[in-house]
Amino acid sequence: MKEIGLKLPTRNVLTGAVVNWEDDEMAGLGDSPENLTLAWKDLSVYRKKKIQGSIWKSAVYEEVKVLHGVSGVVTSGNLVALMGSSGAGKTTLLAAISRRDKSAITGYLMLNGRLAGADLIARISGFLPQEDLSIGDLTVNEHMEFMARLMMDRRSIATVRTRRIQQLLGELGVANCTRTKLGALSGGERKRVALAVQLLNDPPILFCDEPTTGLDSFAANAVVSRLRRLAMGGKLVICSVHQPASGVFELFHQVVLLANGRIAFHGSIEQADQFFASLNYKCPVGFNAAEYYVSLLGVELDREVESRERIRRICNEYQRSDFATAIENQIGEVKDENEYFNGTLDQKNVYFERYLTLVKVNYFVQFYWLMWRNILAVKHNNSIWITEFVLLMFVGLIISVPYAGLFNDLDQRDIQNAEGLLYLTITETIFLFIYAVFITFPSEVPVLLRETASGLYSPLPYYLSKMIFWIPRAVIEPVCFASLVFCVAGLQGGFINWLGFCFVCILCANYANAYGSFLSAVFDKMETAALVSVPFELIGTMFSGLYLNLASASPYVSWLRYISGFYYGIESISILQWDSIETIECKTPGVPCIKTGSEVLRKFGFAEENFWRNCICLVVMYSVAHFIAFIMVLKRSRGTPVY
C-alpha cells in the first residue's frame, strides 16, 4: 500500500478539482487509509417481537435480545467473513456495525479506538445488500448515472462521473452490459453492478450482506475475488456469507462465527482450525471447513438439547481462549469521537476530509433525477401504458356508441339513459386512475426505505416526483376519453361544453390518482387497501345522484355525498349537459312530463350553482389525499430497511 502523505485523491473522485487517473491508482479501485480499524465492544441488539393477541385489541410487543454483548475488531486490508447458521445473527451484526439497523442497540462502535456515530459510518462506508432492489426497467448505464448524480459530490463534473462509472464497470467485468436492463442481468452481473454503485465514492469500508447467495460457484468465486482485490488494495471489507464453497472460503482473510447471537470464534481461518481442533472438532480431510463449522453451530431439530449444549460450550470456550483475549486487547479503551477528526492527531484527517466535506445534492436536483428515472422506466416499459390507453379508448367507444344520436331528440324515457352515460363516464375515469397508481407504494416501499436510509434522497422530492409525474397522464388520457364520448354520443353544448366536460374529467382523474396514492401509501398490502376502498367507493357511487334523489334523501345519510368524488364529478358534468338542453318533448303518455334540463337536475337532486363548488371540492380532496399520502410515505421512510 502507498504512503498517505502523497497522491491522496482528496477531490479527484468526488469533485474533479484534482484529477490524476494513473494506472497504478486505478489498480486498487482507489486509495484507502492505512491501519484503519473498526471495532465493536459489548454490542447487543434488541428487536420487538409481536405477540399474537385478540384482533379487537392493540398489538402487544415484547423485546427480544438478538445479539448478546458481542465484541470484535477488523482492520483495513482484510476480507472478513461473518458466518453462522440461519438465525445466528449474521445480518443483524452486519447491519448494527454498519449503523443501518434502527433497532435498540447498546455497546460501543469504534473507529481506530474512537466512538463512531451513525453519520460518520454512513459517510465513509458502502453497503452491498443481499438483494438488489433497484428499478429493473433501467439499463446499467442509466442506473449508474442516476446513482452517481445523487451519491457523488455535487461539485463533481460530468467527465469525472462518466470516467468513474466506466472505470468501475470495467474493473468489475460488466462493461459489456451497459445497455442491458437491470432486470435482464444474471445474478452475478447484478451483484457486481450493485458493488460498482457502492464504490462510486471510493469508501474505505465496505459491508456486504451475503454477496454469494443465489449464485453458482463460479459467479460466487468471481464476486468474492473482486472483494478480496478491493481488500488487498487497502479497504476494509466485511461480508456475511452462508456456507461458501471451499475455494470461496479460502479467499477470506478472517472469519467471525456466530451462534444464537454470540461469538463462537473470531480470527483467521488457520486459527479457526486450531481452535476447533483443540475442542476435538477437527475438520475431516477433504471436507468443506466452512460447511463443517456452520453445521457444528447449527441446531438439529431431532437433537435440539444436545445441539444447544454444544453451541454453549463452544461459545464459552472461545470467551476463555487466548483468541478472545487477543481481540479484547486489540479493541482497547474507548475514546471520544471528536478527537479523531479535529485535524491534530494524525494524517488520516486529510483523507477523511473528502468524505466529511462531501456536499450532497439539494432537493431540486434530487427531484430532477427522480423524475428522470420515472420517465426512463416508462420509456423502457411503454407497452403497458399504450395497452392501458387503448383499453380506455375501447371502453369509451363501448359506452358511447349505444347513445349515439340520443341527445338530438330527447323524450322522457331517455332522461335516465342519458344520465347513465354521464355516470359511466365519471366512474370509468375515476376507477381507471385509482387502480393505475394503486400498487405504486407497496411495490416501491422497499426501494424507498433502502435508498432514503443510505441518504440518496429525501422523501419529499421522491413523493413530489411521483405526484407530478402522474399529472400529464391524468390530463392527456381523460381529454382523449372525454372527447371520444362527447363526439360519438353527440353530447350538447358545442365547444364550450366540450371544454367543461374535459375539465371535469381531468379533475376527476387527478382526484382518483391522489385517492389511489392515499390507499397505496396508508396500507401495507393491496388486499387490505381493497377491503377498505371497495365499501367506500360503493357508498360514493350510491350517493352520486343516479340511484336516488339526493335532495329528498334523509339528512342522516345524505351528507355522505360530500365525501364522494363520484358525486362532485357526476353533478358537474350533469350541470354542463342539462343546462344546454332547453326543451324535452313529452311523447310518452302516463309518464310525468319534465320539459327542461333544469327540471332534470332537480329530479336528481342537483343544482346549477354547484358547478364551481364541486370543482373546488375535487381540488381540495386531491390536496388532502396527497398530503396524507406524503405523511404516510414520510413515516414509512423512517423504518428499518429490509437488508
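In this predicted chain, confidence is lowest in helix α1 (residues 23-26), at a mean of 32, and highest in helix α18 (residues 459-489), at 93. The score is pLDDT, the predictor's confidence in each residue, from 0 to 100; helices are DSSP runs (H or I, at least four residues) numbered from the N terminus. Averaged over the chain, pLDDT is 81, and 87% of the residues score at least 70.

| Residues | pLDDT | Contacts in the model |
|---|---|---|
| 1-32 | under 50 | 85 contacts beyond four places in sequence |
| 339-348 | below 50 | 26 contacts beyond near neighbours in sequence |

Where pLDDT is low, the predicted coordinates should not be read in detail.

Residues are numbered from 1 along each chain as its sequence is written. Local features need pLDDT of at least 70, side-chain atom pairs count only at pLDDT 80 or more, totals for chains, interfaces and linings use all residues, and side-chain values use heavy atoms, leaving out hydrogens and water.

Helix α4 (residues 140-151) packs against helix α14 (residues 363-379) at an angle of about 170 degrees, the axes being 10 Å apart. The pair is therefore roughly antiparallel (an angle over 145 degrees). From α4, Phe146 and Leu150 are among the residues that meet α14, whose side includes Trp369, Trp372 and Leu376.

Phe604 sits in the loop between α23 (597-603) and α24 (611-637). Phe604 is buried, at 3% relative accessible area (buried is under 20%, with a 1.4 Å probe and protein chains only). Its contacts, not counting residues up to four places away in sequence, include Ile415, Glu419, Leu546 and Leu550. Tyr547 is 57 residues from Phe604 in sequence, with 8.5 Å between their C-alpha atoms.

Definitions and conventions:
Helices (H or I, at least four residues) and strands (E, at least two) are DSSP runs, numbered from the N terminus. Buried means under 20% relative accessible area, exposed over 50%, partly exposed in between (1.4 Å probe, protein chains only). Contact means heavy atoms within 4.5 Å. Axes are lines fitted to C-alpha atoms, for helices over the stretch in contact, and angles run from 0 to 180 degrees between N-to-C directions. Angles under 35 degrees count as roughly parallel, over 145 as roughly antiparallel, 65 to 115 as roughly perpendicular and the rest as oblique.
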